[in-house]
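I opened the notebook with a few places to look up.

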Amino acid sequence: MSIQILNSTLQIEADAITTLALAALLLLLGAAVKNRVRILNHYCIPAPVVGGFLFMFLTFLGHVTGSFQVSFDTYFQSPFMLAFFTTVGLSASFSLLKRGGVMLVVYWLISGVISVIQNVIGIAVGTAIGLPAPYALLSSAISMIGGHGAAASYGAQFTEMGYDQAMLVGAAAATFGLITAVMIGGPLGSQLIVRHKLTPDKADSFQGSDVFEVNKSSGEARSARVIMENVTVLLVCMAVGAKVSALIGAAIGMSFPTYVGAMFVAVLVRNLNEKLRFFSFDYALTDGIGEVMLSLYLSMALMSLKLWELAGLIGGVLLVVCYQVIFMIFAAYFIVFRLLGSNYDAAVMCAGLCGHGLGATPSAIVNMTAVTEKYGMSHRAFMIVPIVGAFLVDIIYQPQTIAFIRFFVHNVAAK
C-alpha cells in the first residue's frame with residue numbers, strides 16, 4: 001500500500017491484501033448499518049451492497065472535492081466469484097428435481113421464457129433511447145435473474161471490451177431489481193390470494209421435500225478431514241470448470257463466463273457423489289463458504305466503483321429496469337398465476353417468481369415467507385422455487401444471454 005500527495009491530491013494505492021482487508025471491514029460495517037437501519041433490513045439489502053455503496057459515496061466525495069483518490073488491486077475478485085458459483089452447483093441435487101415433477105418443469109420453463117423476454121425488453125428499450133447494448137443487457141436478465149453476482153461477472157467482461165461503466169451499471173440495476181423484488185412480491189401474492197379467496201392445500205404431498213430438508217446437516221461435528229475434503233472438491237471443480245469454460249469459449253468464438261463451467265461441473269460432482277460417496281459432502285459448510293465468497297466479492301466490486309462515471313447512463317438504465325418491473329408484475333399477476341393452476345400454491349410461487357426474477361433466490365424466499373406466515377404454508381412453492389431460482393433457470397438464461405451478447409455486442413463491435 002502506498003500513500004502520496006500529487007498535485008495537492010492525496011493518492012492512495014491499495015495492494016491486493018489491503019483491498020481484501022478493507023472489503024471485509026466494509027462487509028462488517030454494512031451488516032451493522034443494515035441491522036440498525038430499518039428500511040435496509042426490511043427490504044433485505046445485502047450487507048456488502050450497503051458497505052460497498054457507503055465507501056463508493058466516500059470516494060465520490062473525494063473526487064468532487066479533489067482532495068483524495070483511491071485505487072485498488074482487485075486480484076481476489078475473480079477466484080471469489082468462481083468459488084461462489086461453484087458452491088451453487090454443489091448444492092443442486094437431482095433428487096430434488098425428481099420430487100418436483102411436472103410443476104417444477106412448468107415453473108422452470110416459465111422462468112426461462114421470462115429471462116428471454118427480459119433481454120428482448122432491454123435491447124428494445126435500449127435501442128429506442130440510444131443505450132449501448134452491453135448496458136441494456138446488464139439492465140436485463142443478467143441483473144434481474146442473475147443478481148449482483150452475475151452483474152459483476154458480466155460487467156467485468158464488458159469492461160474488458162471497453163465499456164468502462166459496465167460494473168457500476170450492473171450493480172445499480174441489480175440493486176434496483178433487488179429492492180423492487182421484495183417490494184412487489186409479497187403484496188402481489190397476497191392480492192392474488194385475497195382476490196381469488198385461496199387457501200392452502202391441506203393434503204400437501206410436498207411436505208418435508210424442500211431444498212433445506214434434502215440438504216440439511218447431519219448434526220455431527222465436522223472433522224478437519226471433512227472440511228478438507230469439501231474444500232478440495234470445491235477447488236477441483238473451480239479448476240476443471242474454468243478449463244471447460246475456456247474450451248467452450250474457444251469453440252463458440254467468444255468469451256464464455258468461467259463461473260458457468262465451474263457451476264455445471266460442480267452439479268455433476270455433487271450428484272455423482274450421491275451415488276458413489278467418494279467424499280462426505282457438507283451442505284452447511286459449502287453454503288457458508290459460498291456466502292462468504294460472494295459477500296467479499298461484492299464488497300470489493302462495489303467499493304472500487306466510480307459513481308461519477310454513471311452520470312450519463314443512469315436515466316437510460318433506470319428506464320430499462322422500470323420496464324422490467326412493469327413486465328414482471330403483469331406477467332406474474334395475469335399470466336403465470338393461471339399457468340401454474342390458479343391455486344394457493346400458484347399465488348405463493350408468483351410471489352417467489354418476483355423475488356428471483358428481479359432480485360435473487362433469497363428475495364424469493366423472503367417474499368414467500370411473508371405470504372405464508374400470514375395465509376399458511378405452501379410446501380410445493382418452497383420445494384420448487386428455490387431450486388429453479390438458484391440453479392435450473394441458469395440452464396436457459398445463460399445460453400440465451402450469451403447469444404444476445406454475441407449478436408448485439410460482438411457482431412456490432414466487429415462491424
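**Sheet**

I began with L10, whose bridge partner in β3 is F68. Before going on I noted the ground rules: this is a predicted model, local features need pLDDT of at least 70, side-chain atom pairs count only at pLDDT 80 or more, and totals for chains, interfaces and linings use all residues. Residues are numbered from 1 along each chain as its sequence is written, and side-chain values use heavy atoms, with hydrogens and water left out.

I took helices (H or I, at least four residues) and strands (E, at least two) as DSSP runs, numbered from the N terminus. Two strands pair if DSSP finds at least two bridges between them.

Next I went through the pairs. β1 and β2 (residues 9–14) run antiparallel and are joined by five bridges. I3 stands opposite I12, and S2 has E13 as its bridge partner. The hairpin of β1 and β2 has two residues between the strands, and N7 takes a positive phi near 50° there. β2 and β3 run parallel, also with five bridges.

**Whole chain**

I counted 17 helices and three strands. Of the 415 residues, 52% are buried, meaning under 20% relative accessible area; exposed is over 50%, and partly exposed lies in between (1.4 Å probe, protein chains only). Contact means heavy atoms within 4.5 Å. Among contacts with a separation of 6 or more, 80% are between residues 24 or more positions apart.

**Second largest cavity**

I searched the whole structure and found two cavities of 30 Å³ or more. A cavity here is a set of points, on a 1 Å grid over the protein atoms alone, where a 1.4 Å probe fits but cannot get out; lining residues have an atom within 4 Å of a point. Grid points are joined across faces, edges and corners, and volume is the space filled by probe spheres set on the points.

The second largest cavity holds about 60 Å³. Which helices each supply at least two residues of its lining? They are α8 (147–160), α9 (166–195) and α13. Among the lining residues I noted H148, M167, G170 and L298. The lining has eight nonpolar residues, two polar and no charged. Ala, Val, Leu, Ile, Met, Phe, Trp, Tyr, Cys and Pro count as nonpolar, Asp, Glu, Lys and Arg as charged, and the others, Gly among them, as polar.

S295 sits in helix α13 (residues 283–303). Is S295 buried or exposed? I logged S295 as buried, because its relative accessibility is 15%. Beyond neighbours within four places in sequence, S295 contacts L27 and P48.

F279 lies in the loop between α12 (258–276) and α13. F279 is buried too, at 8% relative accessible area. Leaving out neighbours within four places in sequence, F279 contacts E229, N230, V233, V269 and N273.

Note on methods
On a 1 Å grid over the protein atoms alone, a cavity is a set of points where a 1.4 Å probe fits but cannot get out, and a pocket is an open set with protein on both sides within 12 Å along at least five of seven lines; lining residues have an atom within 4 Å of a point.
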